[in-house]
Amino acid sequence: MKKTDIPLIVNGRRIDGRLPEEIREIKMSVGEILNADGSARVSFGKTEAIVAVYGPRALFPKFLQESDVGLVRVIYSMSPFSVDERKNPAPDRRSIEISKVTKEALSAAIFIEDFPKAVVDIYENIVQADGSTRVTAINAASLALASAGIPMKDLVAACSVGKVGDTLIVDLNGKEDNYSEADMAVAMMPSKGLITLLQMDGRLTKEEILQLLKKAEEVCKKIYELQKKTLLEKFKVEED
Amino acid sequence: MTQREIVLPGTYIEERKGRKIVNCYVEGEKVFSKVLGILKISDEEISVVPLAGKYFPKVGDRIIGRIEEIEVSGWWVDINSPYRAFLPLAEAVEEFVDVRRVDLSRFYDIDDIIFCKITKVTKNKIIQVSMKDMLARKLFGGITIKITPYKVPRVIGKGGSMIELIKKKTGSEIYVGQNGVIWIKGGKKEKAIEAILTIEREAHISGLTEKIAKMLGE
Amino acid sequence: MEEFVKEYLNQGKRIDGRGFKDYRQIEIKHSIVSKAEGSAFVNLGGTKVMAGVKLDIGEPFPDSPNEGILIVNAEFTPLSSPEIEPGPPGEEAIELARIVDRVIRESEAIELEKLFIENGKVWIVYIDLAVFDIRGNLTDASVLAAVKALLHTQIPKIENEKIVRGEFVSKLPVVYKPVSVTIGKYNGNLLVDLNKEEEEVIDTKLVVGVRDDDKICTMQKQGIGTFSLKDVENVLDLAIEKSKELRRLL
C-alpha cells in the first residue's frame with residue numbers, strides 16, 4: 001500500500017464526495033452478447049465489467065474431464081484502455097491470480113455435479129477500471145451464469161471494503177484501492193450468509209476485519225436485490 | 001411462491017412434503033430453485049422449468065440427432081447437448097450384422113439426420129439412443145434448425161395444436177425434437193421456419209396462436 | 001486414500017496422529033547459499049522450500065521515488081511432484097508468489113525507505129522461492145523461508161557505482177517477522193498445516209498473514225468451499241494463536 005499526500009477523508013467525506021458507507025451508482029444489464037449462452041454488464045461508478053458465459057459445453061482434451069463433476073473456468077482480463085497507463089493485453093500474474101480466486105468463488109455456488117465431464121467458461125473483461133474490478137466482475141458473472149441457465153445454490157454478490165486513515169469504508173474507488181491502509185474483497189451467497197471469496201491486504205486488527213465483514217454483508221445484500229431485480233425484469237413472463 | 005412465478009437460483013420455494021423435485025435442491029425440508037425458470041407446483045412434484053440453458057437428455061425424450069462418428073459397434077450422435085449419445089448397433093438394425101465384414105455406414109452415415117429416442121442416461125452422462133421406437137426414422141433431405149430447448153413445448157402447443165397448425169398451413173413435413181432441433185422438409189419451408197422462430201422469440205406473449213395463424217395466411 | 005483421510009477427520013483425528021491445531025516438524029536453516037545475499041531452507045513436514053534473496057540496483061517506481069522495490073517469484077521445480085510439468089509458472093506458483101509478496105509487503109516488514117541509494121537509484125530486493133517437495137502447506141513453509149532469508153540478508157557494498165558482491169555494509173532493515181497460518185475447514189472443524197492427503201480432501205482454506213503485533217496483513221481464501229462470518233472469526237483467533245508459535249522459529 002503506497003502512501004499518499006492526498007488525504008483520503010476530509011470532513012467525513014471521501015475524495016469523490018461519498019460518505020464512508022456509501023456505494024457508487026450501480027448499473028446492471030443482462031443479455032447483451034447474443035453469441036454467449038449468458039452475458040451481463042455491471043458498473044460501479046466508473047468501474048465497468050462485461051462478462052460472457054459459454055456452457056455447459058463439451059470439454060476437450062478428454063484428460064481434463066472429471067467423470068463426476070464439471071469444470072468451471074474463468075478468464076479475467078483488463079482491456080488495454082481500461083486504465084490510465086495502457087495495459088499490455090497479455091495475461092499478467094495479477095490477472096491469473098484473480099482468475100483463479102474468481103473461479104473458486106463462483107464454483108462454490110455452482111452445482112458442478114450437474115454437468116460432469118463438461119465445462120462452463122466464464123470470460124470477464126474489465127472495460128474501465130476505477131477500483132474494485134474483481135468484485136464488479138463477479139457481480140456480472142453471477143448474472144451471466146443465471147441467465148445462461150447454469151444451476152446454482154444462490155446468486156453471488158461481491159463488494160470491496162477497507163480502511164483509509166482511521167475510517168472504515170465500502171466500495172473502494174481506484175485511488176482508495178491504491179492508497180488505503182487496507183482493502184478487502186468479499187463475495188458471498190447472500191441468502192446463505194456464506195463467503196465464497198475473501199482477500200485482504202493491509203493492516204487490520206481482528207475486530208476491524210469482523211466489522212468490515214458485517215458491512216460487506218450489508219452491501220452484498222443490497223447488490224443481491226439489484227441482481228434479482230435485473231434478472232426478473234429481463235425474463236418477465238406475462239400470463240398467457 | 002405461486003405457480004408460474006419466475007424463480008432464481010437460490011429462491012426459496014416451500015417445504016418438500018415428500019414430493020419429487022426437478023431443477024431444485026433441498027436443505028433439510030426446504031426446497032430451493034437451482035435455476036432461473038418458471039415454477040410449477042403440484043401435489044406430486046415441485047419443478048422449475050428453465051428459461052435458459054442447454055439440452056440435458058432425459059430418458060423417453062424423442063430427439064433429432066446427427067451422426068457424428070462411426071464406431072465398430074454403433075454410432076456417435078450429436079444431440080445438441082454438452083453430451084453426445086451413442087446409438088448401439090443392436091438398437092439400430094433388426095438383422096444380424098457381421099461387424100467384421102460390414103461397414104456400418106451402410107446403415108447410418110456421417111451427417112445423417114435421425115429422429116430417435118433417448119433410452120439411457122447414466123449419472124455420468126453416458127447417453128444411449130435407440131431407433132427401435134415406433135416413431136423413429138432416418139430423415140432424408142430437408143433442413144434442420146435449432147431453438148432453445150425449453151421453448152419446444154410452445155412450438156408443439158397444447159396437444160400438438162401449434163405444430164399441427166404450422167404443418168397444415170405450410171404443407172411442410174416437420175419433426176420437432178425435445179432437444180431443440182427441428183427438421184423441416186418441403187411445402188412452404190421458409191414460412192414454417194419464420195413461424196417457429198417467431199414462437200421462440202415471443203413464447204411468453206399472449207395471443208401467439210392467432211398471430212401465427214395470421215402470419216401463415218390462408 | 002481419500003476415504004481413509006475423511007474417516008479419520010470425521011472421528012476428529014488425523015492420519016498422522018496430530019491434533020487439529022498441531023503443526024508438523026519444522027526445520028529451518030539459513031545462509032546456505034553463499035552467492036545469495038540472503039537465503040533460507042524450510043522443511044515443513046516434508047514440504048521443502050528454499051528462499052534466496054538477491055539485491056540489485058534499479059530505478060524506483062514513479063509514485064514512490066524514495067522507496068526500494070520488492071519482487072517475489074516462485075517456481076515449482078519439476079522435482080517437487082509427479083504432476084509438475086516443466087515450463088513457466090502456472091496459476092498455483094503465481095498465487096504462491098503473490099501471497100508471499102503480500103504477507104511481506106503489507107506487513108511493512110522491510111523498511112523500504114531505507115533502501116534509497118540516491119536520486120533514481122534504489123535497492124531492489126528479489127526473493128525467489130524454489131519448491132523442491134510438496135507434501136502440503138506450501139504457503140506457510142514459503143513465508144517462513146522468505147522471512148528467514150530476509151532476516152539474514154545483508155546489503156552489499158557499492159563502489160564506483162557498482163555492487164561489490166561478497167562484501168557487505170549492513171543488514172537488510174527488517175522490522176517485523178510476519179508469518180502465514182493456513183487453516184482448513186472440514187465438517188465444521190478447523191485444522192492447521194494440512195498435509196498433502198488432507199489438501200486433496202479439504203477444499204476450503206483461509207491463509208492468514210499475521211504480524212508481530214497481531215495485526216492481520218493478508219487474507220486469501222482458497223478452494224471452492226465457503227466460510228460463514230463466524231467461521232472467519234474462529235479462523236482469525238486460531239491464526240493469531242498459532243502465529244506466535246511459528247514466529248518463535250524465525
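**Figure 1. Burial and overall dimensions of chain B in the predicted model.** In this predicted model, 37% of the 218 residues of chain B count as buried. The secondary structure of chain B comprises four helices and 16 strands, and its C-alpha trace extends over about 60 × 50 × 25 Å along the principal axes. Among the contacts in chain B with a sequence separation of 6 or more, 54% are accounted for by residues 24 or more positions apart.

**Figure 2. Packing of helices α3 and α4 of chain B.** Helix α3 (residues 189-201) and helix α4 (residues 208-216) of chain B pack with their axes 10 Å apart and at an angle of about 160°, which makes α3(B) roughly antiparallel to α4(B). The crossing in which α3(B) passes α4(B) is right-handed. From α3(B), the residues Lys191(B), Ala195(B), Thr198(B) and Ile199(B) meet Leu208(B), Ile212(B), Met215(B) and Leu216(B) of α4(B). Sorted by class, the residues of this contact between α3(B) and α4(B) are six nonpolar, one polar and one charged.

Figure 3. Ile145(B) lies in strand β14, which covers residues 143-146 of chain B. With 14 other C-beta atoms within 10 Å, Ile145(B) is classed as partly exposed, because a residue needs 20 or more such atoms to be buried and 12 or fewer to be exposed. When neighbours within four places in sequence are left aside, Ile145(B) is in contact with Ile182(B), Ile193(B) and Ile196(B). Val176(B), which is 31 residues away from Ile145(B) in sequence, has its C-alpha atom 9.8 Å from that of Ile145(B).

**Figure 4. The side of chain A that touches chain B.** Contacts between these two chains involve 30 residues of chain A and 21 residues of chain B. On chain A, the elements β5 (47-58), α2 (133-147) and α4 (206-234) each supply at least two residues of the side that touches chain B. The class composition of this side of chain A is 16 nonpolar, five polar and nine charged residues.

**Figure 5. Helix α1 of chain A against helix α2 of chain C.** Of the two pairs of chains in contact, chains A and C share the most contacts, whereas chain B and chain C do not touch and have their nearest C-alpha atoms 16 Å apart. Helix α1 (residues 93-107) of chain A packs on helix α2 (residues 91-106) of chain C at an angle of about 105°, and the two axes are 9 Å apart. The helices α1(A) and α2(C) are therefore roughly perpendicular to each other. Where they meet, Arg93(A), Ile96(A), Glu97(A) and Lys100(A) in α1(A) face Glu91(C), Ile94(C), Glu95(C) and Arg98(C) in α2(C). By class, the contact of α1(A) with α2(C) holds six charged and two nonpolar residues, with no polar residue.

**Figure 6. Fold and dimensions of chain C.** Chain C contains five helices and 13 strands. The radius of gyration of chain C is 19 Å, close to the 18 Å that the globule rule gives for 250 residues, so chain C is as compact as a globular protein of that length. Taken along the principal axes, the C-alpha atoms of chain C fill a box of roughly 65 × 35 × 30 Å. Of the 250 residues of chain C, 46% count as buried, and among its contacts between residues at least 6 apart in sequence, 69% join residues at least 24 apart.

Note on methods
Residues numbered from 1 in each chain as written. Chains lettered and ligands numbered in written order. Predicted model: local features only at pLDDT ≥ 70, side-chain atom pairs only at ≥ 80, totals over all residues. Contact = placed C-beta atoms within 7 Å. Nonpolar A, V, L, I, M, F, W, Y, C, P; charged D, E, K, R; others polar. Rg over C-alpha atoms; globule rule 2.2 N^0.38 Å. Axes fitted to C-alpha atoms, helices over the stretch in contact; angles between N-to-C directions. Parallel < 35°, antiparallel > 145°, perpendicular 65-115°, else oblique. Left-handed = near helix turned anticlockwise from the far one by under 90°.
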